[in-house]
Amino acid sequence: MKETKPFTIEKKQIMDAYLKVKANKGAAGVDAVSILEFEQDYRKHLYRVWNQMSSGSYMPPAVKLVEIPKKDGGVRPLGVPTVSDRIAQTVVATLLGEKLDPLFHEDSYGYRPEKSAIQALEKARKRCWTYAWVLDLDIKSFFDNLPHELLMKAVRKHIDCKWALLYIERWLVAPLQKTDGTIVARTKGVPQGSVIGPILSNLYLHYVMDTWLARKFPQCPFERFADDSIVHCVSEREVKEVKEALEFRFKECGLEMHEEKTKIVYCKDSNRRGHYHNVSFDFLGYTFMPREAENTVRKVSFTCWLPAVSGKSMTSMRKKIKAWKTLRTSGCQIEDIAKEINPVVRAWINYYGKFYITKLKNFMREINLRIVKWARSKYLKVRPSETKGLKWLKRISQKQPDLFTHWTVGVLPTVG
């Protein structure tokens, strides 16, 4: 006899969501069930998710709270749902994406298909050449303070699916569980790390900021990636006006502009006169500031406003380098080091090497020095000095130029 449920949810939707969650991997939630453990009996688990969601009885478990170190110090609270809950959220997030993504502003780049941080950076770079002033905007604890009532008002404007609305409301109030087992109730915000959070936060800022800016200040373009955004203006007077108006707008919508982190920046270059206290800003792991460039036709240098890998990003990468296990193990071979570090270095080059790669290359010379340090602890012939180690590594690079990814972009070991 065919099962009759209050809500019509296809089993294929559950399976498709499971495959997405499996591909994304991720840690276990409060039930301590990993992806691998879930997979061993996935049919039973998926049936339970489908059955509960279709009957309206699905109740999200608590979200495991994990604190992740931030690049600039401090920690970022990250919520880790269970595998089953990530699957349920993916079902609804997929439905929301189909409905909402076409509505979003073209300069909203975060967590959207066919959009990327690199696109946002490229657009920001070009606009800084046209607009002399930038509002580097920071919303104070955005994900923690997003008001549920106003958010659901925006959701209901576009979504009429009863079961999707039911579960979104339940996810918004699902409690957090700390590492000591303490349960914390939630009355506002969306946990970072949830599947449903990115599209809900995009929808909220679509109305709070994107469409509002386009209506009130159509002459001031912006780039936004989740809650990280910058606004371009033609004058100091205009950027101050935008800042004041946005501050009031955020308060109206239950948010707060971070006064210490929000700043007005002058995009200084060779053609712009005058001085201002702030002449740099960070955006999506890059620092935008005046940098020396060369006119390839006239062969003369000039100052141009350009992005390059930020100091915070390099600090984060240094921590990663120090954590590489093979570089702390004298018993391994140099090929083992390459196997461990190449995927990570390749990702760094693909992201931080898109603009002003010279800065990244200079940083990556530290990797060569770290390999030399490992070699000096392993081989007696290179132990006496760093110079001997560099000569040894240079000989290897001449024989195996593709051994390390950073060598393939010109960061070769040099002596002297």
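How many nonpolar, polar and charged residues does the lining of the second largest pocket have? The legends below, for a predicted model, take up this pocket and the largest one.

**Figure 1. Residue classes in the lining of the second largest pocket.** The lining has 12 nonpolar residues, 9 polar residues and 6 charged residues.

**Figure 2. Centre of the second largest pocket.** Among the 27 lining residues, N24, T90, S194, V195 and P198 lie nearest the centre of this pocket. The second largest pocket holds about 670 Å³ of space.

**Figure 3. Helices and strand around the second largest pocket.** Two or more residues of the lining come from each of α1 (11–24), β2, α4 (83–100) and α9. Of these elements, α4 supplies the largest share, 6 residues.

**Figure 4. Centre of the largest pocket.** The space in the largest pocket amounts to about 1500 Å³. K70, R76, D138, D227 and D228 are the closest to the centre of this pocket, out of 45 residues that line the largest pocket.

**Figure 5. Elements that line the largest pocket.** The strands β1 (63–69), β2 (75–80), β3 (133–137) and β9 (281–283) each contribute at least two residues to the lining. The helices α6 (142–145), α9 (197–216) and α11 (311–323) likewise each contribute at least two. The element that gives the most is β2, with 4 residues.

**Figure 6. Residue classes in the lining of the largest pocket.** Here the lining consists of 20 nonpolar, 11 polar and 14 charged residues.

Note on methods
Residues are numbered from 1 along each chain as its sequence is written. This is a predicted model: local features need pLDDT of at least 70, side-chain atom pairs count only at pLDDT 80 or more; totals for chains, interfaces and linings use all residues. Side-chain values use heavy atoms; hydrogens and water are left out. On a 1 Å grid over the protein atoms alone, a cavity is a set of points where a 1.4 Å probe fits but cannot get out, and a pocket is an open set with protein on both sides within 12 Å along at least five of seven lines; lining residues have an atom within 4 Å of a point. Grid points are joined across faces, edges and corners, and a volume is the space filled by probe spheres set on the points. Ala, Val, Leu, Ile, Met, Phe, Trp, Tyr, Cys and Pro count as nonpolar, Asp, Glu, Lys and Arg as charged, and the others, Gly among them, as polar.
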